[in-house]
Amino acid sequence: MTLAELLPSIGCSTEPVLEEGVWPDGTEVVGQDLLIGGLPATQLAARFGTPCQVLDEQTVRTRARAFRAALPRAEVVFAGKSLPCPEVYRWMAQEGLSLDVSSAGELALARAAGFPASRIIMHGNVKTAEDLKAALEYGVSRIVVDSLDEIAQLGALATHGQEVMIRVTPGVDAHTHAKIATGVEDQKFGFSLASGAALEAVLRVVEQPSLRLVGLHCHIGSQVRHVASYEEAVRRMVGLIASCGTRIEQLDLGGGFCAPYLRGDSDFDLAGFAHRVTAALNYECALHRVPPPRLLIEPGRAIVANAGVTLYRVCAVKESARTFVAVDGGMSDNPRPALYGAKYAVRLVGRGGRPKPVTVVGRHCEAGDVLAEDVLLPGDVHAGDLLAVPATGAYHHALASNYNQVCRPPVVAVKDGVARPVVRRETEEDLLRRYV
Ligand SMILES: Cc1ncc(COP(=O)(O)O)c(C=O)c1O
């Protein structure tokens, strides 16, 4: 394959045209620089240092609004785990979304943001007693239970009709990576529909005088591209609702709506989802003669992934069997390539050049610390160059670690030409504070 043939599939930093849908809305190539939220990437890197996670506020808000507009009667719940940050939670509250949290820690961020408890749902396949107590104390509106032990524990801790949903494994294959496929049998999440465990959970919740069953929940996976997978989930979940023997007011279909990462990746068909899932819900409810429950959805990635761009500085270039371009971050700020084989586009900012395929690697002591393989960068890429990696808004800050005691990067929000950190850069003092 020639280089020219490769260009459309793997993205090239010297192309004037950005990968469609992958970058924050309104991102432009101006000269050789990249304008994100009205600010040149070179300027952001100089001011905030690298690595730096840039987050375009307007893109986040626009996508949150799109979900609400597509399903005006549904409750749209932001999956707080995808980008845990009080300021982002505040944007979601302002946009009228609810919030799901998966631990007392995420709930602490929600509290710090002043997120209304009446719009918070607590998740998690394992909730410790501390998680449950924190949820009850703040008065979160619903808790999604995930095991019989948890039902008993919550029943004992709750005092007055705590609203509960049950997480069900509907047995739907969402055709995604095995490590993010959560709707199929033989994985740790939820109560199996097929085995009867879900119905047993319904009975156990109903038996608990301190709990009130309001809904059923399922989450079939992440990076789900096919609306048909959600239609199938609706079909199975409504069948379960019909056999519950008690009124189920809410049906939560979870999140998992795909986001584009590379040139040619398609956006999630939100309009098609809204239309087909609503139709499936009405049809199945009529068929089973049950009142249609209120629909809930929990998008995370589809709201924040494409709002994020990570800026890295090249530290070294090594020629061996291939060209390795080593940057000042890596798997501590982006473990997704190592975890799921996730692929990213990379762009050199500030200058152009004849492209050649390179592998961008991180600074960590793991051979698997690879950020992007076979991406095209100018052939004379060298130390000091600035690289930009798009689609890094979801599960980047969230999954970041301190491996090799590397400090985690800041998250800098940009909007209308103004930049402000919403998460500051971690310092060595932060690291040392925990050591006894
Ligand atoms: C229960 C639940 N809801 C929502 C989400 C959000 O998924 P995504 O960010 O892929 O939309 C997740 C992700 O793990 C989840 O576990």
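View 1. At 13% relative accessibility, Q223 counts as buried, where buried means under 20% relative accessible area, exposed over 50% and partly exposed in between, with a 1.4 Å probe and protein chains only. Q223 lies in the loop between β11 (211-217) and α9, helices (H or I, at least four residues) and strands (E, at least two) being DSSP runs numbered from the N terminus. Although Q223 is not a glycine, its phi is positive, at about 55 degrees. The loop between β11 and α9 also holds I220, which counts as buried at 1% relative accessibility. I220 and A233 are 13 residues apart in sequence, and their C-alpha atoms are 7.8 Å apart in space. This is a predicted model, in which local features need pLDDT of at least 70 and side-chain atom pairs count only at pLDDT 80 or more, while totals for chains, interfaces and linings use all residues. Residues are numbered from 1 along each chain as its sequence is written, and side-chain values use heavy atoms, with hydrogens and water left out.

**View 2. The largest nonpolar core.** A nonpolar core is a set of buried Ala, Val, Leu, Ile, Met, Phe, Trp, Tyr and Cys residues joined through side-chain atoms within 4.5 Å. The largest such core has 124 residues, of which F78, I166, L216, F273 and V360 touch the most other members. Helix α9 (residues 227-242) gives the largest share of this core, eight residues. Domain 1 (3-56 + 305-432) and domain 2 (58-304) both contribute residues, so this core lies between them; the domain bounds come from an automatic or database domain assignment. Leaving aside residues up to four places away in sequence, V360 touches V325, V327, V346, V370, L371, A372, V375, L377 and L387, a contact meaning heavy atoms within 4.5 Å. Another core, of six residues, lies apart from the largest one and has V77, I121, M165 and V214 among its members.

**View 3. The surroundings of the ligand.** The ligand is surrounded by 16 residues, of which the closest are G256, E298, G300, R301 and Y395; a residue counts as near a molecule if one of its heavy atoms lies within 4 Å of it. An N or O atom in the side chain of E298 is 2.7 Å from a nitrogen atom of the ligand, and one in the side chain of Y395 is 2.5 Å from an oxygen atom of the ligand. For K81, a polar side-chain atom lies 3.4 Å from an oxygen atom of the ligand. Of the 400 Å² of accessible area that the ligand has on its own, the protein covers 91%, with areas from the Shrake-Rupley method and a 1.4 Å probe.

**View 4. R351 and its contacts.** R351 is found in the loop between β16 (347-349) and β17 (355-361). The side chain of R351 makes polar contacts with the side chains of D380, at 2.9 Å, and D385, at 2.7 Å; such a contact is a pair of N or O atoms within 3.5 Å, and within protein one must be able to donate a hydrogen and the other to accept it, while residues adjacent in sequence count only if both atoms are side-chain atoms. Not counting residues up to four places away in sequence, R351 touches Q32, P378, D380, V381, H382 and D385.

View 5. T50 and P51 are joined by a cis peptide bond, with omega at about -10 degrees, and P51 lies in the loop between α2 (41-48) and β4 (52-56). D416, in the loop between β20 (411-415) and β21 (418-423), is not a glycine but has a positive phi of about 50 degrees. D416 is exposed, with a relative accessible area of 67%.
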